[in-house]
Amino acid sequence: MINYRPASDLLKRLLREIIRPRPLLKYWEWADKHVSIPPEASGPMPGRLNTGRFPVFRGLFDLAQQGHVHFISLCASIRVGKTLFSIIVMLYWLAEKAGSAVWLDPSGASAKKVSKSEIDPFIQLCEPVKRLAIIGRTTWTSTWKTFKGKILRFIGAGEEANLHGFNAELAIINEFDSCKQAVVKKKASEDGKEDSSSADKIIGRTQLFPFTRKIIENSSPRQAGEFSPIWQSFLRGSQHYCYVPCPHCSAEAKASGNARPLPEKMPVGWSKESMDPHLVGWQRLVFTNDPAYQPAKHLPFDHDLMPIEGTMEERLGRIDFSCAEIWAEAISPQDATKTIRVKTGYDEDKVEHQTTYQCGHCGKQIEQQSLRWMLNRYRWQAHNPSAPKDRISAHLWRGYAPPELGGGWNHIAKAFLEAKGDIGKLITFTNMSLGLPFIRAGAAINEGDLDRVLARTPMRYVKGQIPRMPEMLTITADKQKDHLYYVIRAWGVIWESPDMPTWSALVDWGTAMSMDELTVLAGEKPDGSGKYRTFTYTENEKTYEFRCIAGLIDSGNDQDVVFEFCHKRTRIFDPYRGSGPVQTNWNRIRPRDVYDDQLKLWLCWSSHYAERLYYDCIKYGQAGDDPVYWWLPVNIDDDYKQQLTDEYKDGDEWVSRRKMNHLGDCEKMQLPLSELVESRLTLLREKRRNEKTEQK
Ligand SMILES: [Zn+2]
């Protein structure tokens with residue numbers, strides 16, 4: 001049957017059909033429809049994705065999908081699926097959006113690995129993305145994948161040359177805390193136009209899309225304690241935590257008919273199931289409510305999560321394995337005629353089978369099996385609702401993960417008991433299982449800490465010697481009124497170790513009476529007898545000579561003199577200045593043009609580097625779960641010891657006791673310089689890896 005309607009009517013209808021927007025699926029609805037987890041991906045549960053298995057991520061996706069949100073920081077422990085979160089948004093982007101995407105990984109090698117062994121298999125299993133893929137020898141590589149109308153790039157942090165000349169609408173910064181800053185000295189770089197962090201440059205590449213771009217950072221806190229980049233990024237955002245109701249409190253409310261207030265409109269980040277007036281006992285899950293570790297916060301909402309004027313103290317529960325404690329009678333130290341009860345350990349079997357979560361409101365034990373019910377009723381709540389509207393940050397840790405996805409309160413309790421008493425393991429536990437920075441307030445560095453560095457240094461060597469074959473030497477100097485302090489470090493790679501980590505060894509330190517003497521000490525100018533100062537290393541009866549190839553000099557005290565020195569009288573020194581995060585725009589390093597744009601000033605976030613020096617390098621010898629190979633010669637003198645133990649942490653800043661911390665400042669300056677060193681070592685590593693594969 002033909003319907004004779006006026007032509008204009010038909011046209012209108014046709015037009016409506018064509019321009020009617022496709023129903024906009026939520027990220028997670030789209031993912032549940034189209035994404036499968038490849039068996040070769042590292043996560044558990046391969047096969048068709050079901051975001052309902054860990055529903056709190058649905059709330060995170062909804063928060064991230066809001067049009068006004070452009071920055072998403074996910075600070076999380078391992079085993080919660082933070083990388084999967086990024087992969088899903090990326091797949092959605094490739095299928096549904098017009099703009100290109102870029103993926104930044106900590107190094108070139110890790111970027112290629114993620115591309116090949118994680119992303120490729122995901123794309124193969126994702127029909128709407130695969131359909132758009134243009135697979136060919138030049139269009140589909142491990143760093144470059146072409147789709148109809150857009151490109152997906154993979155870049156390693158610090159790979160300067162790859163950070164230019166493209167635009168992207170979606171940028172993903174994977175394992176943010178492990179990403180190096182791309183700092184390339186003008187003389188050493190190939191294009192040398194601008195210097196800033198890799199993350200900043202990647203964000204810069206999204207500037208063409210101010211209204212639609214998304215920048216996603218994910219990481220566990222790994223370095224510099226509370227000055228960890230991802231933790232700081234989390235603090236600057238909305239600080240969303242995931243709240244879940246207590247099944248005991250809620251059962252009681254329901255039985256007594258006690259209905260709680262609900263918002264008229266369901267807030268973004270809340271689950272449908274959470275819109276139930278009989279749900280009470282709202283809390284975020286924490287490992288412990290011991291105020292020494294996890295103090296309760298004062299928050300701008302009440303226990304029903306309704307906004308209030310002012311603030312209210314939250315109630316925290318804890319993972320409870322106290323039933324597994326083993327107690328024994330012991331003689332009282334105060335009175336030998338009496339006995340006291342002391343905790344002697346934990347019954348592992350009971351930890352495995354009887355660990356529960358203790359509600360922060362009613363104090364009752366919540367069984368692991370109830371977690372599913374709780375997770376389905378998630379409500380993401382912002383602790384910092386006054387953060388910029390375009391910046392969502394969220395925290396998530398293993399306590400929320402269902403046991404089949406790598407969580408399990410009993411496993412977390414066991415991991416804690418294994419770590420207890422071993423500071424290194426405790427740092428790993430805090431960073432990797434809790435997703436939190438390891439913070440010790442009010443701590444200081446003492447000589448015992450330096451002794452521990454000596455004990456960690458694998459070979460004994462003395463001042464002036466280099467303990468292993470190095471790749472390069474660097475020098476840093478702190479200018480005083482009439483003299484300078486300096487530190488020279490050697491840098492190399494532990495080639496025999498599979499992940500080829502970087503080592504750094506103190507080679508020389510002391511004072512120079514003039515800037516001129518400094519250039520002689522650096523081996524840049526000949527001494528009185530016409531000889532250049534070098535450091536040597538002998539291997540297989542061959543002696544290799546090394547001079548410093550890069551240096552920083554603190555311009556804080558005598559800026560004009562230092563600038564002139566850097567510009568006219570030296571090739572290797574750049575000026576340095578320590579500052580706060582506001583000045584560096586929350587970068588670890590923010591290079592600034594000075595001296596008529598003829599010099600690059602390294603403006604560095606001092607507290608970040610102080611924390612890395614004093615905690616990661618000296619006190620603990622590790623960052624996240626990675627060892628830090630930072631070595632000292634056996635004969636460090638009193639001057640060095642005193643100056644390296646002069647600073648202590650006061651609140652959230654490092655301060656000097658006697659203002660005699662110049663060698664400490666020099667060591668601190670070696671760390672931003674290490675980012676430059678690292679970009680070169682990365683190239684060397686890649687060369688070696690390629691040679692190895694060619695040999696095979
Ligand atoms: Zn309760």
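Which residue in β17 is the bridge partner of Tyr357? I open with that question, and the answer is Ile366. Please keep in mind throughout that what we are looking at is a predicted model.

Let me place that pair in its setting. Strand β16, residues 356-358, is joined to β17 by two bridges, and these strands run antiparallel. Both belong to an open sheet of three strands, ordered β13-β16-β17 and paired in the antiparallel sense. The edges of this sheet are taken by β13 (318-320) and β17 (365-366); each has a single partner strand, so one side of each lacks a neighbour in the sheet.

I turn now to the overall division of the chain. The domain assignment gives three domains: domain 1 covers 25-182 + 191-236, domain 2 covers 240-433, and domain 3 covers 447-690. Between the centres of domain 2 and domain 3, taken over C-alpha atoms, the distance is 43 Å. Where these two domains touch, six residues come from domain 2 and four residues from domain 3. On the domain 2 side of that contact, three residues are nonpolar, three are polar and none is charged.

Is Asn384 buried, exposed or partly exposed? It counts as partly exposed, because 17 C-beta neighbours lie inside 10 Å, whereas a buried residue would need 20 or more. Leaving out residues up to four places away in sequence, Asn384 touches Ser238 and Gln239. Asn384 and Glu686 are separated by 302 residues in sequence, and their C-alpha atoms are 43 Å apart in space.

The largest nonpolar core holds 103 residues, and the members that touch the most others are Ile88, Met90, Leu91, Leu104 and Ala171. Helix α4, residues 82-96, makes the greatest contribution to this core, with 10 residues. Domain 1 and domain 2 each supply at least three residues to the core. To take one member, Leu91 is in contact with Val35, Phe122, Cys126 and Val129, once neighbours within four places in sequence are set aside.

Why is helix α3, residues 56-65, described as largely enclosed by the rest of the structure? The reason is that eight of its 10 residues are buried. The buried residues in α3 are Val56, Phe57, Arg58, Gly59, Leu60, Phe61, Leu63 and Ala64; the list includes an arginine, Arg58.

The other helix is α17, for which 14 of its 14 residues are buried. This helix, residues 606-619, also has a kink of about 25 degrees, centred on Arg612. After α17 comes Gly621, with a positive phi near 65 degrees.

How many bridges pair β21 with β22? Strand β21 (residues 484-493) and strand β22 (residues 502-512) are paired over 10 bridges, in the antiparallel sense. Within this pairing, Gly510 of β22 stands opposite Tyr486. Strand β22 is also joined to strand β31, residues 629-631, by three bridges, and here the strands run parallel.

Glu541 is not a glycine, yet its phi is positive, near 60 degrees. Glu541 is found in the loop between β23 (535-539) and β24 (542-546). It is exposed, because 5 other C-beta atoms lie within 10 Å.

Lys659 is likewise a residue other than glycine with a positive phi, in this case about 55 degrees. Its place is in the loop between β33 (653-656) and α19 (662-695). Lys659 too is exposed, with 8 other C-beta atoms within 10 Å.

To close, I return to the opening pair: Tyr357 has Ile366 as its bridge partner in β17, and β17 is one of the edge strands of its sheet. Thank you for your attention.

How values were computed. Residues numbered from 1 in each chain as written. Predicted model: local features only at pLDDT ≥ 70, side-chain atom pairs only at ≥ 80, totals over all residues. Domains from an automatic or database assignment. Contact = placed C-beta atoms within 7 Å. Nonpolar A, V, L, I, M, F, W, Y, C, P; charged D, E, K, R; others polar. Pairing = 2+ DSSP bridges. Helix = DSSP H or I, 4+ residues; strand = E, 2+ residues; numbered from the N terminus. Buried ≥ 20, exposed ≤ 12 C-beta atoms within 10 Å, placed from the backbone. Bend = angle between axes of the 7 residues up to and from the residue. Core = buried A, V, L, I, M, F, W, Y, C linked by C-beta atoms within 7 Å.
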